[in-house]
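This report describes selected local features of a structure and the contacts between its parts. The sequence and the model are shown first.

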Number of protein chains: 2
Amino acid sequence: MSNTEYQLVLLPYSTNLEQELHKNPESLPFDEILYCNIGNPHSLGQQPVTFFREVLSLCDHPALLDKSETHALYSSDAIERAWQILEKIPGRATGAYSHSQGVKGLRDEIAAGIAARDGFHASGDNIFLTDGASPAVHMMMQLLIRSEKDGILCPLPQYPLYSASIALHGGSFVPYFLDEETGWGLEVDELKKQVDEARSKGITVRALVVINPGNPTGQVLAEENQKKIVEFCKNEGLVLLADEVYQENIYVEDKQFHSFKKIARSMGYTDDDLPLVSFQSVSKGYYGECGKRGGYMEVTGFNADVREQIYKVASVNLCSNISGQILSSLIMNPPKVGDESYESFMVERDGIISSLARRAKALEEAFNSLEGITCNKAEGAMYLFPRLHLPQKAIGAAQAAGAAPDAYYALRLLQATGIVVVPGSGFGQAPGTYHFRCTILPQEDKIPAIISRFKEFHEKFMDEFRD
Amino acid sequence: MSNTEYQLVLLPYSTNLEQELHKNPESLPFDEILYCNIGNPHSLGQQPVTFFREVLSLCDHPALLDKSETHALYSSDAIERAWQILEKIPGRATGAYSHSQGVKGLRDEIAAGIAARDGFHASGDNIFLTDGASPAVHMMMQLLIRSEKDGILCPLPQYPLYSASIALHGGSFVPYFLDEETGWGLEVDELKKQVDEARSKGITVRALVVINPGNPTGQVLAEENQKKIVEFCKNEGLVLLADEVYQENIYVEDKQFHSFKKIARSMGYTDDDLPLVSFQSVSKGYYGECGKRGGYMEVTGFNADVREQIYKVASVNLCSNISGQILSSLIMNPPKVGDESYESFMVERDGIISSLARRAKALEEAFNSLEGITCNKAEGAMYLFPRLHLPQKAIGAAQAAGAAPDAYYALRLLQATGIVVVPGSGFGQAPGTYHFRCTILPQEDKIPAIISRFKEFHEKFMDEFRD
């Protein structure tokens, strides 16, 4: 089951089941569909961060800022921030097209946030605001891929946006495998092997995609590992495309997020040494604002000609949506100590992150407690990617049903429990291995039911097919 | 000067002049840059429609709906509408990805608005919500164009989104000329001639683009003319791509907007007879909300396979932004008689449209009063496209400067007056003719100054180059 087949078969099937549940609540062995398939936190009840929404609400209706009653409904720092943001927008016109890279003042604010995060200079001129990270990835693929002879190195398993975008732009997908044994480790030896192999087939490898924290694999790269990856890109002349949309989603004490730009700068590499693109999105993190379609890419180390090409591609759709632009500036410059909203903001933020960490741990432990499942820790991101060690009889039953073994498992799981997960074959996996991706996003009070339903199903499944 | 050259030369130049003005107000012969180049109403001071912004503001911060103080700041029907909209969004989660076509309840509301406008049935299943009309056009081009042998019929002059998108997707641009003599008439004879010529070169003509009201030409098609166009598409087996984003921008008593779907249905053609796509946007009309990036396409007359392909393409970027989706539903279902906001809404709406009509008329009359300029009426849209009958000496001077004659004129105009227009060569024009596009969007109190500065410049220019 490819990702497309998953979208066209498993998802519509879950929608049908949902409709069936509404019509005949007694007809199915469960009382609700539990969506563990996509990274869409608000759809599962995660609440928006109040400060961010206050500012967006004020910027959407600036006439409120002149009214005294507004102070009864909005925090004073949200009102102040809305004023500051409107001052950055020419004519305070949130309804106007902006510069195709995004509002300059908002880009500068984002750059200041990056500099504060990394301890290295960042410039608003290098920021391209986009309608989420996906359009930014497409823009870069459009620029990098000239023909099927141009290859892009991508992890396997990978978030299928990358394979889809490479296919859309007519390039070659050059996979490198993450090592499940070492917690989805990204080894430079493996990168080198795959680059050499691709080159031997006449492919010009142009860029390396790294997703950190990983999707669907949830690992957080160690600083030493990141340095080796930077060195590798430098030596091989590759553009480093760093998908860093989960930078706020870290759940373990001993790991920290380091941007690849920070790593490169800490190694002494400047803008002249390494072309590097970092993707960020308002859809992930503790904010999870998928519906706002906001994000940016920070583009460094390209010459003026390429920069102009990027700008031209960005201009084709005029500009990204202004609410998404504003929200991008807010996530990179949240309330600070002393602001009226600071304490309540921190309660909301830490509440979401610590709850996600508890959910990740509970699900991981549950999966690991079961016969025939092994599961690496979710150090970050929003996913677990457990491995299914399926009995031969189950694999045979899947083949007889014309499905990939993990797709067969996912379908049986859905039919029995209403839990929706994505088969590993949608992301790519090492030959002969089977997985599924399960988000950690259902609200915490649902987790015990998910675990018990899952366990019951899995035990029966194993009993049914035990060799 | 192509459109790209215009973007890369004339626009940066106007930005430089603007910066120069800030630094040395006395250094230039004018005191402000007057942007008559893009259809971006709010950037020139047009105010947003209050009701629309109230609803957006409430949907961005739904917690407001539970507070009594909210009634002091928002109209009661905006509060009610926000409730209704949130009810249509699963989990009231405006921060979640929606269905890739957009929120079903909002699509149904848009379909009801289309049905009320046209008097013919419309279905929410046929609506694809998008981040403005541009991504919708790109989606259709991606689907229609398989190789350079696939051609798309487009008007000349045309809004360059179409040529850019066809080039991006590797197809062939097949132009048909609008007849300036008959008010930018669209003649079926001309369409037939161009289709036959393209076919003789081995091009498979797949679709016809019609922009109504016209951009950059401002004409509104007559009903009889539209019927002939529908008949032509039916006979030739073409997909009709109807750019109807200016449907609310009509400035003359004797013309009305008719959607191509209404025309086709009134001729008795059903969903089985004619593949038809209508593009609509929140960026134009009396609302002019360019920065919100909202819009939709209504897709009818395609078989299930093609529909599935459209859905797959729509899925690649997950969904369009939810604020844009909400705003799309609002423009297709504005306040009605009896609603608290109705009267103030109508005052805002009619104020904008009647002012645009006065501006269109004033500019048109001014252009037509000048030696060497003829200008068709702006019946609709946001533009005038005056023709420059340039003296041979001026054409020679342009050639000596290495510029297209209309680009040379536009540059001289900018240098002398600060007025920014787009040279006709950016849109394509009949060989040997020269034009420029001038928006009717500067606020009404600026129009007299624009006219007098323009007149003064033009008279001097003609004196300088008179043969």
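Apart from neighbours within four places in sequence, A:Q226 is in contact with A:N212, A:L221, A:H258, A:S259, A:F260 and A:I263, where contact means heavy atoms within 4.5 Å. A:Q226 lies in helix 9 (residues 223-236) of chain A; helices (H or I, at least four residues) and strands (E, at least two) are DSSP runs, numbered from the N terminus. A:Q226 counts as buried because its relative accessibility is 0%; buried means under 20% relative accessible area, exposed over 50% and partly exposed in between (1.4 Å probe, protein chains only).

This is a predicted model, in which local features need pLDDT of at least 70 and side-chain atom pairs count only at pLDDT 80 or more, while totals for chains, interfaces and linings use all residues. Residues are numbered from 1 along each chain as its sequence is written, chains are lettered from A and ligands numbered from 1 in the order in which they are written, and side-chain values use heavy atoms, with hydrogens and water left out.

**Backbone features**

One of the residues in contact with A:Q226 is A:N212, and A:N212 is joined to A:P213 by a cis peptide bond. A:P213 is placed in the loop between strand 5 (204-211) and helix 9 of chain A. In chain B, the peptide bond from B:L156 to B:P157 is cis, and B:P157 is found in the loop between strand 3 (150-156) and helix 7 (161-168). Most residues other than glycine have a negative phi, and most peptide bonds are trans.

| Site | Feature | Angle |
|---|---|---|
| A:N212 and A:P213 | cis peptide bond | omega about -10 degrees |
| B:L156 to B:P157 | cis peptide bond | omega near -5 degrees |
| A:R293 | positive phi | phi near 50 degrees |
| A:L318 | positive phi | phi near 75 degrees |

A:R293 is located in the loop between strand 7 (276-281) and strand 8 (295-300) of chain A, and A:R293 is buried, with a relative accessible area of 2%. A:L318 belongs to the loop between helix 11 (304-315) and helix 12 (322-331) of chain A. At 22% relative accessibility, A:L318 counts as partly exposed.

**The two domains of chain A**

The domain assignment divides chain A into domain 1 (3-32 + 354-465) and domain 2 (88-331), with bounds that come from an automatic or database domain assignment. Taken over C-alpha atoms, the centres of these two domains of chain A are 30 Å apart. Their contact takes 23 residues from domain 1 and 26 residues from domain 2. The two domains bury about 1900 Å² between them, with 57% of this area on carbon and sulfur atoms; buried area is the accessible area (1.4 Å probe) that two parts lose on being put together, summed over both. A:N376, A:E379 and A:F427 supply 31% of the area that domain 1 of chain A buries against domain 2 of chain A, more than any other three residues.

Between the domains there is 1 salt bridge, a term for a side-chain nitrogen of Lys or Arg within 4 Å of a carboxyl oxygen of Asp or Glu. A:K255 and A:E379 meet in a salt bridge, at 3.0 Å from N to O.

**The interface of chains A and B**

Chain B and chain A each give 54 residues to their contact. The area buried between the chains is about 4200 Å², and carbon and sulfur atoms account for 56% of it. Of the area that chain B buries against chain A, 17% comes from B:D60, B:L73 and B:Y97, more than from any other three residues.

The chains are linked by 2 salt bridges. In a salt bridge between B:K292 and A:D60, the closest N and O atoms are 2.3 Å apart. Several helices of chain B, including helix 1 (3-23), helix 6 (133-144) and helix 12 (322-331), each supply at least two residues of the side that touches chain A. Helix 2 of chain B gives the most to that side, with 7 residues.

Helix 12 of chain B is mostly covered, with 10 of its 10 residues buried. Among them are B:I322, B:L327 and B:I331.
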